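This note goes through the structure point by point, for someone opening it for the first time. Please keep the sequence and the model in view while reading.

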Amino acid sequence: MDISFNKIKKFLHRASFSNNFYYGYYLVTPELAKELLSFNTNNRKLKSDNLNKLIKALKNNEYKPEVCKTVMLSDVKVLIDGQHILTAIIKTGISATVMLQINVPHKAFKNIDSGASRKIADVFTIEKISNATNISAATKFLMSIFSNEASKSHKQSLTFDEILNFYYKYEDKIILANKIAKNAYDLGTGKIIKRNYICGLCAYLLIHDVDEAKVRFFFEKLGSGSSLNEHDAILTLRKRIMKSVFEKGASLKKAEYINILFQGWNKYLKNTKWKSVTVSDKQIKINVC
């Protein structure tokens with residue numbers, strides 16, 4: 001361990017110790033907070049709402065030690081939780097009690113199987129990201145679109161940093177896409193296609209500056225099925241998806257769902273009539289203009 005890390009260890013004189021894992025409740029001063037925050041090498045984006053609430057609580061003496069925040073340092077000297085409370089301590093100059101954990105196995109957070117959405121959702125929850133389950137699944141799907149692997153069935157090995165850094169890069173677009181997807185889901189799409197596909201495709205289109213109104217219209221009409229003309233691309237797509245749900249022998253595999261979803265968007269964008277759907281398991285290019 002380097003010198004600065006040993007400085008932190010000096011504050012652990014009352015810590016419990018088990019298998020090189022340190023943990024205990026500590027009154028963190030602004031000086032110690034700066035030391036701990038120096039290990040925030042991932043440079044996670046601060047959530048202003050979370051930070052402001054903590055600052056207000058500290059200033060108004062409303063921060064309660066019995067429900068204190070956790071600060072975690074991994075065994076490879078990376079801060080993996082606690083940047084908001086540490087920043088609040090520094091900004092206010094007010095010390096606060098935290099549950100300090102040092103030498104937490106970093107491997108428990110780093111490697112994430114892209115097929116294990118539960119684990120990805122857990123990581124997003126640790127990051128205090130709202131709607132962690134939906135957002136993490138949509139982010140994973142969005143990444144597969146960018147890598148042209150959305151239709152592939154094999155599982156990719158993605159790391160903690162790769163998924164979160166990708167999310168934070170497009171955070172605003174993904175959050176907006178999730179709102180559009182939820183509305184479409186509530187209108188009925190959720191019964192016929194997975195929400196993370198809708199959110200992921202929405203985000204992809206918004207990232208490429210496709211008009212938001214066009215995106216909203218497509219997915220809301222796909223969900224409701226209202227006011228659509230015969231051979232309208234959205235209606236044709238909806239009928240085929242409905243058929244896969246309710247007719248025996250007409251089910252669609254994941255890759256086929258994605259293929260016809262992309263086909264439907266491309267037809268809609270070009271205002272092309274679509275009489276029947278040709279099902280394929282290949283990922284096709286998504287048109288954005």
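1. A charge counts as sitting over a ring if NZ of Lys or CZ of Arg is within 6 Å of the ring centre and within 35 degrees of the ring normal. Arg195 meets this rule, because the arginine lies over the face of Tyr185 at 5.8 Å from the ring centre. The model is a predicted one, and the points below should be read with that in mind.

2. Overall make-up. The protein has 289 residues, of which 49% count as buried. Its secondary structure consists of 13 helices and seven strands. Among contacts with a separation of 6 or more, 70% are between residues 24 or more positions apart. The accessible surface comes to about 15200 Å², and carbon and sulfur atoms hold 48% of that area.

3. The strands. Strand 3 (residues 69-74) runs parallel to strand 5 (residues 96-104), and six bridges join the two. Within this pairing, Met72 has Gln101 of strand 5 as its bridge partner. Strand 3 is also joined to strand 4 (residues 79-81), here in antiparallel fashion and by two bridges. Leu73 is bridged to Leu79 of strand 4.

4. The hairpin. Four residues lie between strand 3 and strand 4 in their hairpin. Which residue there takes a positive phi? It is Lys77, with a value near 60°.

5. The largest nonpolar core. This core has 57 residues, and those touching the most other members are Phe124, Leu205, Val215, Phe219, Leu261 and Trp265. At least two core residues come from each of helix 6, helix 7 (132-146), helix 8, helix 9 (171-187), helix 10 (195-207), helix 11 (212-224), helix 12 (233-246) and helix 13 (254-269). Helix 10 gives the most, with ten residues.

6. Val215 and its surroundings. Which residues does Val215 contact, leaving aside neighbours within four places in sequence? They are Ile180, Cys202, Leu205, Leu206, Val210 and Trp265. Of these, Leu205 and Trp265 are listed with Val215 among the core residues that touch the most other members.

7. Aromatic rings. The model holds twelve aromatic pairs. One of them is Phe124 with Tyr167, which is edge-to-face, at 5.4 Å centre to centre and with 65° between the planes. This pair links distant parts of the chain, as Phe124 is in helix 6 (residues 117-126) and Tyr167 is in helix 8 (residues 160-169), 43 residues apart. Phe124 counts as buried because its relative accessible area is 1%, and Tyr167 is buried at 1% too. Elsewhere, Phe217, Phe218, Phe219, Trp265 and Tyr268 form one aromatic cluster.

8. Glu31. This residue is in helix 2 (residues 30-37). Is Glu31 buried or exposed? Its relative accessibility is 58%, so Glu31 counts as exposed. The C-alpha atoms of Glu31 and Ile90 are separated by 7.8 Å, although the two residues are 59 apart along the chain.

Note on methods
Residues are numbered from 1 along each chain as its sequence is written. This is a predicted model: local features need pLDDT of at least 70, side-chain atom pairs count only at pLDDT 80 or more; totals for chains, interfaces and linings use all residues. Side-chain values use heavy atoms; hydrogens and water are left out. Rings of Phe, Tyr and Trp (its six-membered ring) pair if their centres lie within 6.5 Å; planes under 30 degrees apart count as stacked, over 60 as edge-to-face and the rest as tilted. Buried means under 20% relative accessible area, exposed over 50%, partly exposed in between (1.4 Å probe, protein chains only). Two strands pair if DSSP finds at least two bridges between them. A nonpolar core is a set of buried Ala, Val, Leu, Ile, Met, Phe, Trp, Tyr and Cys residues joined through side-chain atoms within 4.5 Å. Contact means heavy atoms within 4.5 Å. Accessible areas come from the Shrake-Rupley method with a 1.4 Å probe; for residues, only the protein chains shown count as cover.
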